[in-house]
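Hi everyone, thanks for coming.

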Amino acid sequence: MAAWRVLMLGVLVVLMACEGPWTAGQKRKEMVLSEKVSQLMEWASKRAVIRMNGDKFRRLVKAPPRNYSVVVMFTALQPHRQCAVCKQADEEYQILANSWRYSSAFTNKVFFAMVDFDEGSDVFQMLNMNSAPTFINFPAKGKPKRGDTYELQVRGFAAEQLARWIADRTDVNIRVIRPPNYAGPLMLGLLLAVIGGLVYLRRSNLDFLYNKTGWAFAALCFVLAMTSGQMWNHIRGPPYAHKNPHTGQVNYIHGSSQAQFVAETHIVLLFNGGVTLGMVLLHEAATSDMEVGKRKIMCVAGVGLVVLFFSWLLSVFRSKYHGYPYSFLMS
């Protein structure tokens, strides 16, 4: 019986000796984590988007322990970088971060950070990153997966789209609150005032309200705007164009059929307008009572417009839908 007690006492001593270092290590880990969270909360209280250099990124984002997610925007905001898209994305990112920071549901579960190329080029090299802006979610556990890199070219950089992506990756729902923008109501009020003024000045003769050509032109402008993708721009908020940070080349046409740039919709709108104008000229040449010579000129001009702008439209289509076999005049 005494030998059994001695054996049990020895086992207990061994367990206590093993538990000591483990408990001490756990306490150190908890202490480091607490310091990191406190530091991030302090910075977040001053600025919704925390600016990071290489040292801060490695210590607070890459190095364990971490029980929080960090959404990082990698960008190039310095004027000499000439990244217009970066500035536009930064505005939306700031709106999103401030919506979370001043929300009643704000916790230390998610933080928003930014790494500028001129302040953390070593981070760009470490992550093998060669374009900006780029959004990556660094989850609380493990390394970022494929879905943790935001598909900017497909979804655009609107704050609402970023919020949906963050909700999918972190289960944190952010209600985007935008600062008041009075430009839209002011423009609408100005337009209504102009229309009201014209109606008042022409109140003795309102025949212009029954002008079919005017209504047809207004309807045509609306149709061209919608078919060129303006509503997609309003919903997705894509960048105006994309500039390659290495070559400096600016792309106005997106290379994928799943996305587009704002400049691309303007180009398509112009091409559609050119084809439409050509068809109008052909119709007038065939139905008007003008001289034969003028009608021939209108016919030639109409055919030229249709052929030229349709060829450009088809070339844009081929550049987005790779493998499309048909072309016309231009490849």
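Before we zoom in, one term: a polar contact is a pair of N or O atoms within 3.5 Å, where, within protein, one must be able to donate a hydrogen and the other to accept it, and residues adjacent in sequence count only if both atoms are side-chain atoms. Please keep in mind that this is a predicted model, where local features need pLDDT of at least 70 and side-chain atom pairs count only at pLDDT 80 or more, while totals for chains, interfaces and linings use all residues. Residues are numbered from 1 along each chain as its sequence is written, and side-chain values use heavy atoms, with hydrogens and water left out.

Let's start with Asp 116. You'll find Asp 116 in strand 3, residues 110-116; strands (E, at least two residues) and helices (H or I, at least four) are DSSP runs, numbered from the N terminus. A polar atom of the Asp 116 side chain lies 2.9 Å from the backbone nitrogen of Leu 77. And what about charge partners? Asp 116 is buried yet has no salt bridge, and the nearest side chain of opposite charge, Arg 51, is 4.3 Å away. Here buried means under 20% relative accessible area, exposed over 50%, and partly exposed in between, with a 1.4 Å probe and protein chains only. A salt bridge needs a side-chain nitrogen of Lys or Arg within 4 Å of a carboxyl oxygen of Asp or Glu. For charge, Lys and Arg count as positive and Asp and Glu as negative, with His and the chain ends not counted. Beyond four places in sequence, the contacts of Asp 116 (heavy atoms within 4.5 Å) include Thr 75, Gln 78 and Phe 124.

Now the sheet around that strand. One place to look is Phe 74, which stands opposite Thr 134 in strand 4.

The structure holds 10 salt bridges. One of them links Glu 42 to Lys 46, with the closest N and O atoms 3.8 Å apart. Those two are 4 residues apart in helix 1 (residues 2-46), which means about one helical turn between them. Lys 46 is exposed at 64% relative accessible area, while Glu 42 is partly exposed at 40%.

Another salt bridge joins Asp 148 and Arg 169, at 3.0 Å from N to O. Asp 148 sits in the loop between strand 4 and helix 5 (152-155) and Arg 169 in helix 6 (residues 159-170), so this pair ties together parts 21 residues apart in sequence. Is Asp 148 buried or exposed? It is buried, with a relative accessible area of 3%, whereas Arg 169 is partly exposed at 30%.

Conventions
Two strands pair if DSSP finds at least two bridges between them.
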